[in-house]
Amino acid sequence: MPADPSKAIRRVGAALVARHEEIAQAMVARILSDVPSYRRAGRPVADEVLALATATAEILGHAFATGTPIAREDVPIVREHAALRLDRGIDLEAFLHAYRAALFHYWDACAEEAARLRISRADGLALARFALDAIDTITTHAAEAYLREETRRATESGRAARDLVERLIAGQPVGLDRRHPAAPGLDPTAPLILVLARGDGAAARDRLEEALGFGKARPVATIRQGEVVLLTAGADTSEVTSRLRRALGDDDLRCGVSATPAGFPGVARAYREATLTLSYTSVERPVLALAELSAFEAALTGADAATRALIAGKGASLAALPDAEREQATATIRAFAAADMNISAAAATLFVHPNTIRYRLSPIATTSGHDPRTFAGLTDLICILQTAPSA
């Protein structure tokens, strides 16, 4: 009758339990040797790792000594230490690398005891299966615990960031004496730039964060009411727009970039600037900063609601045209203005005969009450188009 391998496993386990503190010390040494981020983290992390290694070695030893497979509920300390590593800035890859290094050392200790106790080859294979199952259970649990904690914190951070941005946009007071927990990378009193985009929610937010996540001052981005608002440190809007253009490429995401506000108190104004700037973006200009607007466009950004309503009223007849006619009229007006009132150049832009432009301009004047063939009339029409909701 074949020998019962569980007896050999229990013998090895008893030996491991007796050595668990010594083994834990060696596990920590292995981690510090193999994982650079743990080595750089210093004594506080080493002490925490020793506590986890000691508990893990003891739990594993008792599992071997009793022949009881490891279950996730046997190692609740893993959840606590996943949170501690996040606090210390240890990423998931390094966390799992450390755990694997520690458990591989534990397996080396198992092999040493198996050799010392001279267990049979069959018992050694059973020991290996038992050890690998235990290692797999613990590493899987460690990964899941880390990811759950990371997700929980990201959710809380997302809510906090959204609440902070909402308060700033509303002009509500926020403490300036220290960095806000939802925006640890931003100095509340230093220059900030606000980027506003409309696109596919989370995907747009991720693209903006990736494009502007440079340097130590991490930006804060949130989704609110169908738009993405991002706050980033800095006083150079040209650097921000350049990075966005390089990162977005042919992406259809459009972004409005504010002028530089004076820290958190300037965010409400920066949001208004970015909103208006976003309205001037186009296929040709998908990323636009307030400073890049023309003098005429810049003047319109300062128009209050009453002024904009007055301008909209002057374009009511143009807005009332059927969609196809309105789009044709709008394209003609814009092309004619961009061509400096040169009919041939406007026709070339729209790929039509110059006479077609002439035929279109007359009914535009009649319908709208503003003659695009005159400087004053064309200015009025451009002003109407630039302040229209669909501009």
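**Labels and their grounds**

Modeller: I will start with the lining of the largest cavity, which divides into 10 nonpolar residues, 1 polar residue and 1 charged residue. Bear in mind that the model is predicted.

Biologist: Which residues line the largest cavity?

Modeller: Met27, Ile31, Tyr38, Val49, Leu52, Ala53, Thr56, Arg85, Phe95, Ala98, Tyr99 and Ala102. Helix H2 (20–34), helix H4 (43–66) and helix H6 (92–117) each supply at least two residues of that lining.

Biologist: What makes it a cavity and not a pocket?

Modeller: A cavity is a set of points where a 1.4 Å probe fits but cannot get out, whereas a pocket is an open set. The count comes to 1 cavity of 30 Å³ or more, and the largest cavity has a volume of about 100 Å³.

Biologist: How much space lies in the second largest pocket?

Modeller: About 520 Å³. Of the 21 residues that line this pocket, Ser157, Glu209, Pro219, Val220 and Ala221 are the closest to its centre. Helix H7 (121–169), helix H8 (201–212) and strand E2 (220–224) each give two or more residues to the lining. H7 gives the most, with 7 residues. By class, the lining has 9 nonpolar, 5 polar and 7 charged residues.

Biologist: Why is Glu149 called buried?

Modeller: The relative accessible area of Glu149 is 13%, and buried means under 20%, so the label applies. Glu149 lies in helix H7. Leaving out residues up to four places away in sequence, Glu149 touches Ala83 and Leu86.

Biologist: Why does Asp340 count as exposed?

Modeller: The relative accessibility of Asp340 is 67%, and exposed means over 50%, so Asp340 falls in that class. Asp340 lies in the loop between helix H14 (323–338) and helix H15 (343–350). Its phi is near 55 degrees, a positive value in a residue other than glycine.

Biologist: In which sense do E4 and strand E5 pair, parallel or antiparallel?

Modeller: Parallel: E4 and E5 (residues 287–289) pair over 3 bridges. Here Val257 stands opposite Ala289 in E5.

Biologist: What does the secondary structure of the protein come to?

Modeller: It comes to 17 helices and 5 strands.

Biologist: And why is the protein called more spread out than a compact globule?

Modeller: The globule rule gives 21 Å for 391 residues, and the radius of gyration is 33 Å, well over that value, so the protein is more spread out than a compact globule. Taken along the principal axes, its C-alpha atoms fill a box of roughly 105 × 50 × 30 Å. Buried residues make up 42% of the 391 residues. Among contacts with a separation of 6 or more, 69% are between residues 24 or more positions apart.

Technical notes. Residues are numbered from 1 along each chain as its sequence is written. This is a predicted model: local features need pLDDT of at least 70, side-chain atom pairs count only at pLDDT 80 or more; totals for chains, interfaces and linings use all residues. Side-chain values use heavy atoms; hydrogens and water are left out. Two strands pair if DSSP finds at least two bridges between them. Helices (H or I, at least four residues) and strands (E, at least two) are DSSP runs, numbered from the N terminus. On a 1 Å grid over the protein atoms alone, a cavity is a set of points where a 1.4 Å probe fits but cannot get out, and a pocket is an open set with protein on both sides within 12 Å along at least five of seven lines; lining residues have an atom within 4 Å of a point. Grid points are joined across faces, edges and corners, and a volume is the space filled by probe spheres set on the points. Ala, Val, Leu, Ile, Met, Phe, Trp, Tyr, Cys and Pro count as nonpolar, Asp, Glu, Lys and Arg as charged, and the others, Gly among them, as polar. The radius of gyration is taken over C-alpha atoms; the globule rule is 2.2 Å times the number of residues to the power 0.38. Buried means under 20% relative accessible area, exposed over 50%, partly exposed in between (1.4 Å probe, protein chains only). Contact means heavy atoms within 4.5 Å.
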